[in-house]
Amino acid sequence: MTFGIIVGSREFFPGHLAATGHKHIVEAVTRAGHQCVILGAEDTEHGAVQSYEDAKKCATLFKRHVDEIDGIIVTLPNFGEERPIADAIRLSGLKVPVLIQATPDDPGKMSIQWRRDSFCGKMSACNNLHQYGIKYSLTTSHCVDPLSDEFGEDLARFAATCRIVGGLRGLRIGAIGARPQAFNTVRYSEKLLEASGISVITLDLSEILGRVDRLSDGAPEVAEKLEAIKNYIPVHGVPAPALLKQAKLAAVTEDWMREADVAISAIQCWTSIEENYGVVPCTMMSMMSSKLMSSACEVDVCGLVGMHMLALASQTPSALFDWNNNYGSNANKAVCFHCSNLPREFFKDYKMDFQEIIAGTVGKENTYGTVDGVVKSGHMTYLRISTDDASGRIRGYVGEGSFTDDPLHTFGGAGVVEIPELQKLVRYICQNGFEHHVAANYAAVSGAVVDAAENYLGWDMHVHEG
């Protein structure tokens with residue numbers, strides 16, 4: 001990622017503090033694998049922003065890199081001139097997340113030659129940003145050494161925040177097919193999403209199936225997808241015609257997504273594809289999610305947004321589950337399940353199979369393509385996003401827990417999850433009318449999700465502390 005960096009300094013503080021602060025923040029950011037856009041000592045005194053003239057120079061520099069900068073970091077090696085910092089951000093025109101870092105004083109170095117006063121200056125800088133209407137993020141500790149491991153964690157969290165905010169602005173979602181009639185729970189407001197910069201591009205399922213029908217079995221793109229499927233998942237026992245159908249469906253769907261310039265997809269399944277085409281789309285969707293092109297079933301667009309936010313934050317695949325079953329008498333454990341299109345990264349073992357639930361309605365031969373297996377153990381973040389038409393708000397809840405190694409003998413993609421105070425969480429879900437679907441990701445990114453959603457997007461978020 002690329003960060004625009006502002007070194008805040010107040011002129012009557014020792015200049016060497018600004019100089020070393022400049023050096024240390026660049027070292028911290030580049031050490032984490034990111035790029036810096038920052039004034040140099042040839043541009044302003046110590047490369048810092050101390051006046052309105054400095055602010056204009058900084059803004060001009062940022063404007064030259066407007067298409068590159070993902071976020072702004074304000075570092076305060078001393079008190080800093082609060083107004084020029086806010087001026088620089090305002091004049092740049094950038095609408096990206098902003099992180100405020102203040103370097104701590106050393107109690108043994110409180111003379112005029114060493115004293116920083118960054119503890120106080122951070123409050124003044126934040127006050128001015130608040131007055132200017134500029135949103136900002138904070139480090140975990142009020143003051144933190146930019147070269148410390150703690151700031152490294154702060155920076156990683158801020159980078160995740162920037163990826164979420166940047167990844168949702170201008171996002172185009174493909175909604176393929178109609179919401180299944182029996183799933184009122186996945187209804188949503190396109191208009192509320194549009195107000196947050198997220199567009200939904202719809203396509204009737206018949207158009208996908210029509211394209212599939214016109215695509216030759218021997219087309220090169222079909223052969224390519226067929227090979228990709230066989231390399232992705234064990235297919236022993238799956239009839240060859242079912243594999244061919246999945247390959248054609250995948251080729252057509254991804255081709256339309258490229259045409260429509262949509263990044264992620266929510267797809268109708270239950271039970272139109274099975275009845276009209278004779279296959280389930282699960283493997284195709286699993287493969288897309290594995291490539292960070294998150295794909296949700298039952299046209300759950302808001303569930304898809306949650307998947308995408310987690311994937312943006314962690315840069316690893318997300319899945320969409322049902323909160324599905326209790327796990328015996330353990331109040332803090334539950335079974336998360338889907339039938340399933342989970343990406344293979346969620347499994348300790350997996351194979352392609354038929355969909356046992358729908359098979360009872362449409363026949364086993366029409367339901368091959370599910371990704372069947374046991375979900376592996378590991379720490380996870382869960383997230384649900386929902387549009388609330390009654391309040392005109394987008395809202396959600398987020399928390400962290402873990403998938404366990406508890407035994408579970410069932411079908412589809414399923415795992416046991418353990419969440420502290422789970423009964424409080426499910427009560428909150430029911431009391432507030434949230435959906436039965438939840439996105440999950442093997443990462444600890446709830447902090448970045450809340451920062452991005454609540455602070456920069458203006459969504460209402462509930463954090464389950466447990």
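This is a predicted model: local features need pLDDT of at least 70, side-chain atom pairs count only at pLDDT 80 or more; totals for chains, interfaces and linings use all residues.
Residues are numbered from 1 along each chain as its sequence is written. In this model local features need pLDDT of at least 70, side-chain atom pairs count only at pLDDT 80 or more, totals for chains, interfaces and linings use all residues, and side-chain values use heavy atoms, with hydrogens and water left out.

The structure holds 17 salt bridges (a side-chain nitrogen of Lys or Arg within 4 Å of a carboxyl oxygen of Asp or Glu).

Select D406 and K333. Their side chains form a salt bridge, 2.8 Å from N to O. D406 sits in the loop between strand 15 (393-403) and strand 16 (413-418), while K333 is in strand 11 (residues 330-338), 73 residues apart. Strands (E, at least two residues) are DSSP runs, numbered from the N terminus. K333 is buried at 14% relative accessibility, and D406 is partly exposed at 24%. Buried means under 20% relative accessible area, exposed over 50%, and partly exposed in between (1.4 Å probe, protein chains only).

Next, select K348 and D405. The closest N and O atoms of this salt bridge are 3.8 Å apart. K348 belongs to strand 12 (residues 347-354) and D405 to the loop between strand 15 and strand 16, so the pair ties together parts 57 residues apart in sequence. D405 is exposed at 54%; K348 is partly exposed at 48%.

Then select D460 and R393, a salt bridge of 2.7 Å, N to O. D460 lies in strand 18 (residues 460-463) and R393 in strand 15, 67 residues apart.

Finally, select R10, E81 and E82: salt bridges with shared partners join them into one network.

Definitions and conventions
Helices (H or I, at least four residues) and strands (E, at least two) are DSSP runs, numbered from the N terminus.
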